[in-house]
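The sequence and structure come first.

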Amino acid sequence: EVLVLAASPSADVMAQLEQQFDCHHLWQQPRDQQAQWLQGVAAEVRAVVTTGAIGINAALLAQLPKVEIVAVNGIGTDAVDLDATRARGIAVTNTPGVLTDDVADVAMLLLLSAARRLPAMDFYVRTGGWEAGKPVAPARALAGKVCGIFGFGRIGQAIAARAQAFGMEVRYFQPRAIEGTPVPRADSLLALAEASDYLVIAAPGSPATRHAVNAEVLQALGQTGTLVNIARGSLVDEEALIAALRDRTLGMAALDVFADEPRVPVALRELENVVLTPHIGSLTVETRHAMGQLVVNNLRAHFAGQPLLTPVK
Ligand code: 8YV
């Protein structure tokens with residue numbers, strides 16, 4: 001029996017889950033009834049399907065005595081209590097690879113939107129500013145600017161390729177140097193921020209990266225700097241970010257992820273120098289289908305006693 005915590009937008013994936021497993025859908029239950037409903041199904045659950053954002057905590061795992069596998073429909077496993085899964089020998093899978101391009105696209109979407117102030121320009125046309133002949137201040141060109149990438153895995157490298165195509169100079173930082181890349185590595189995140197016009201976060205959320213982008217890093221990025229985050233809200237000290245944006249010691253922020261989703265602080269929503277999207281990095285028809293298919297294929301492999309396609313170590 002499979003406990004599904006959240007639906008995939010792919011109807012085909014949902015149909016496959018239904019056909020191949022005995023599914024219990026938590027997301028279909030009204031919020032205030034979920035706890036009680038869960039008590040009725042928990043005993044027989046052998047697999048859990050969750051998302052990168054939702055994950056699974058120790059308390060829920062403890063309610064599932066027979067669970068063997070947690071299949072994450074996403075790449076980030078920061079919301080999964082991996083200590084608890086490891087301690088019980090529960091397998092965990094995620095969906096690397098298939099979402100790289102889409103997430104990198106959203107990083108560029110945000111970067112370009114901030115650089116050329118897309119939300120303000122859109123507002124200007126819609127509200128008749130253009131017709132009324134109101135002035136429009138020129139933006140800043142991208143070509144020649146430095147794009148610093150924090151976290152240089154698959155997604156970070158895909159962002160680098162895109163930034164280079166726009167004529168940007170790219171650098172990266174992460175603790176472990178990547179071999180064979182011509183992209184220079186900064187000595188630290190702080191040094192990267194100092195050198196960058198745009199700082200793009202593409203590192204995993206973890207206790208080690210929590211609030212890595214703090215007041216000091218934001219200060220180093222500076223008045224003409226822009227922060228882009230497509231990774232996890234936990235990497236940024238959101239209070240410090242709001243303060244820096246408000247005081248204009250940081251130029252702009254373009255954010256797809258937040259500390260406490262879906263709650264975005266009003267103080268952030270009210271700022272003009274931000275571009276905000278609702279955690280949509282991987283949200284395309286094609287990619288959500290490919291991610292969901294990987295979830296299904298991992299579950300099938302597990303129950304057939306075959307090697308998992310994309311295990312999390
Ligand atoms: C979504 C993500 O949170 O892949 C990730 O880590 O953050 C996203 O793709 C979600 O997991 C989609 O189901």
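The protein chain splits into domain 1, made of residues 2–98 + 284–303, and domain 2, residues 100–276. The model is a predicted one. Taken over C-alpha atoms, the centres of domain 1 and domain 2 are 31 Å apart. Domain 1 puts 7 residues into the contact and domain 2 puts in 9. On the side of domain 1 that touches domain 2, 2 residues are nonpolar, 4 are polar and 1 is charged.

Next, the ligand. Around the ligand are Thr51, Gly52, Ala53, Asn73, Gly74, Ile75, Gly76, Leu99, His279, Gly281 and Ser282. Sorted by class, this shell holds 3 nonpolar and 8 polar residues, with no charged residues.

Which residues have the most contacts inside the largest nonpolar core? They are Ala107, Ile159, Val200, Ala202 and Val228, in a core of 83 residues. Helix α5, which spans residues 100–115, gives the most to this core, contributing 10 residues. At least three residues of the core come from each of domain 1 and domain 2. Ile159 illustrates the contacts: leaving aside neighbours within four places in sequence, Ile159 touches Ala104, Ala107, Met108, Ile149, Val200 and Ala202. Ala107, Val200 and Ala202 are also among the residues with the most contacts inside the core.

The last item is Thr277, located in the loop between β11 (274–276) and α12 (285–303). Why does Thr277 count as partly exposed? Thr277 has 16 C-beta neighbours inside 10 Å, whereas a buried residue needs 20 or more and an exposed one has 12 or fewer. Apart from neighbours within four places in sequence, Thr277 is in contact with Leu110 and Asp256. Thr277 and Val106 lie 171 residues apart along the chain, and their C-alpha atoms are separated by 9.3 Å.

Technical notes. Residues are numbered from 1 along each chain as its sequence is written. This is a predicted model: local features need pLDDT of at least 70, side-chain atom pairs count only at pLDDT 80 or more; totals for chains, interfaces and linings use all residues. Domain bounds come from an automatic or database domain assignment. Two residues are in contact if their C-beta atoms, placed from the backbone, lie within 7 Å. Ala, Val, Leu, Ile, Met, Phe, Trp, Tyr, Cys and Pro count as nonpolar, Asp, Glu, Lys and Arg as charged, and the others, Gly among them, as polar. A residue is near a molecule or strand if its C-beta atom, placed from the backbone, lies within 6 Å of it. A nonpolar core is a set of buried Ala, Val, Leu, Ile, Met, Phe, Trp, Tyr and Cys residues joined through C-beta atoms within 7 Å. Helices (H or I, at least four residues) and strands (E, at least two) are DSSP runs, numbered from the N terminus.
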